[in-house]
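Hi,

Here is the structure I said I would pass on. Have a look at it first, and my notes on what I found follow below.

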Amino acid sequence: LPQIFIDALPVLKQLEISGYEAYFVGGSVRDLMLHRHIHDIDIATSAYPEEVKETFDKTIDTGIKHGTVTVLYNGQSYEITTFRTESEYQDFRRPDHVTFVQSLEEDLKRRDFTINALAMNTKGEIIDLFNGLTDLDNKLVKAVGNPEKRFHEDALRMMRAVRFVSQLKFSLEQHTEAAILQHHKLLSKISIERVREEFVKLGLGPNSREAFQMFMDTKLSEEVPYMEGKQHLLEVYPKLQFSPSEETSLWSIIIILLKLQNDQISKFMRAWKNSNAMSDEVEKIVNFFDLLSETSPSDYQLFEVGKTTLLNTIDVAHILGQPIDSKVLVDRYMALPIKHNDELAIDGNFLIKLGITPGPHLGKILEDIKKQVIAGLLENDIDEIKSYIKKVM
Ligand code: ATP
Ligand code: MG
């Protein structure tokens with residue numbers, strides 16, 4: 001058993017000693033069976049949140065309403081959730097109210113896919129009530145119970161299905177896939193934040209090209225911002241050289257495939273509720289990519305774009321299969337006399353001391369000096385710059 005489970009075992013045992021049932025559940029059990037890296041552990045218990053809090057010294061009320069308490073134990077934190085069902089659904093979204101129950105079976109029944117409905121007890125025995133182990137063997141994402149009913153309860157599950165196809169290199173079970181195609185329109189009821197989270201995991205998964213094809217085939221792509229009616233542009237995605245591994249690359253590639261104009265980039269990013277920082281970087285990448293596909297950048301343009309954006313743009317070009325000489329670009333960047341504004345041997349104050357009045361005129365002189373230095377026409381040296389200024393003034 002991986003260390004992360006061994007470390008958590010005393011937490012489960014403590015619950016058992018106190019008279020409750022406790023199991024490892026969800027993604028960690030699935031990933032254990034798949035020999036995948038386990039990033040966190042979820043615990044399900046028959047104890048009510050108040051009872052969990054009484055059992056441990058240090059707890060945090062993470063989501064009491066939904067039955068989740070975080071337990072701090074041995075420097076680790078564990079999310080412990082009371083067995084529950086989600087009986088009342090509103091508008092195809094997750095319910096506000098949950099009902100706590102006493103049986104593990106009820107709790108596993110409400111989970112999305114059979115591979116996510118596995119549990120493991122303190123003896124390391126797997127509880128598999130929905131043939132999740134068989135589906136793991138067959139690499140299938142299959143809804144627990146009736147897929148149509150499950151997607152009506154929570155339409156986000158359709159995105160999650162395709163996300164697991166990407167992350168796990170699985171296929172969709174036939175009825176599950178048919179139900180997504182049939183009910184894809186329900187995805188429009190889900191908040192864009194939740195859709196984005198799954199979309200990014202889809203895009204960054206190792207099988208993202210196949211998953212993206214499925215995302216289009218099931219028509220889920222018709223229900224997300226800017227992609228409706230754009231399958232003819234997006235069909236390039238499954239033919240990419242490889243899957244993006246950075247979120248900035250993912251968004252840049254989608255924007256490039258959609259042929260969005262400059263003024264639409266930030267609107268697209270906002271529609272997907274991306275942060276301003278993410279949006280700014282993606283805009284820089286897409287613009288520099290456009291420049292690269294037309295011409296070779298000047299040294300000043302390389303300076304302006306900066307190392308991070310340069311490398312991000314090279315990544316995007318590689319994924320898109322655009323032939324660019326990335327080594328030459330990086331070598332040229334590395335050879336720039338200065339790489340940041342503060343590396344310039346002089347600044348505005350220096351010019352003021354030379355008698356130049358502060359204002360736009362001073363700004364222009366400073367900019368000109370910077371350009372001369374970057375172009376290699378002027379040495380980045382105080383005395384050299386001083387005599388240059390005397391010459392041009
Ligand atoms: P990851 O490795 O990305 O964390 P995960 O399977 O653990 O994958 P989570 O979103 O962390 O996914 O959810 C934990 C578990 O909760 C899932 O394995 C599943 O059993 C259940 N679950 C999560 N979201 C839903 C949902 N929308 N409907 C039903 N069950 C869900
Ligand atoms: Mg998880």
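This is a predicted model: local features need pLDDT of at least 70, side-chain atom pairs count only at pLDDT 80 or more; totals for chains, interfaces and linings use all residues.

Now for the helix pairs, starting with α7 and α9. Helix α7 (residues 156-168) packs on helix α9 (residues 192-204) at about 15°, with 8 Å between the axes. Angles under 35 degrees count as roughly parallel, so α7 is roughly parallel to α9. The crossing of α7 past α9 is left-handed. On the α7 side the contact uses Leu 156, Met 159, Arg 160, Val 162, Arg 163, Ser 166 and Gln 167; α9 brings Arg 194, Val 195, Glu 198, Phe 199, Lys 201 and Leu 202. Sorted by class, this α7 to α9 contact has 6 nonpolar, 2 polar and 5 charged residues.

α9 has another partner in helix α10 (residues 208-217): their axes cross at roughly 135° and come within 7 Å. That angle makes α9 and α10 oblique to each other. Here Leu 202, Gly 203 and Leu 204 of α9 meet Ser 208, Ala 211 and Phe 215 of α10. You'll see Leu 202 listed in the contact with α7 and again in the one with α10. What is the class make-up of the contact of α9 with α10? There are 4 nonpolar and 2 polar residues, and no charged ones.

The last pair falls within the annotated stretch, and involves α12 and α15. Helix α12 (residues 247-257) and helix α15 (residues 299-319) have axes 10 Å apart and pack at an angle of about 55°, so this pair is oblique too. Is their crossing left-handed or right-handed? For α12 and α15 it is right-handed. Thr 248, Ser 249, Ser 252 and Ile 253 form the α12 side of the contact, while α15 supplies Asn 312, Asp 315, Val 316 and Ile 319. The contact of α12 with α15 divides into 3 nonpolar, 4 polar and 1 charged.

Over to you.

Cheers

Conventions: Residues are numbered from 1 along each chain as its sequence is written. Chains are lettered from A and ligands numbered from 1 in the order in which they are written. Axes are lines fitted to C-alpha atoms, for helices over the stretch in contact, and angles run from 0 to 180 degrees between N-to-C directions. Helices (H or I, at least four residues) and strands (E, at least two) are DSSP runs, numbered from the N terminus. Angles under 35 degrees count as roughly parallel, over 145 as roughly antiparallel, 65 to 115 as roughly perpendicular and the rest as oblique. A crossing is left-handed if the near helix is turned anticlockwise from the far one by less than a right angle, and right-handed if clockwise. Two residues are in contact if their C-beta atoms, placed from the backbone, lie within 7 Å. Ala, Val, Leu, Ile, Met, Phe, Trp, Tyr, Cys and Pro count as nonpolar, Asp, Glu, Lys and Arg as charged, and the others, Gly among them, as polar.
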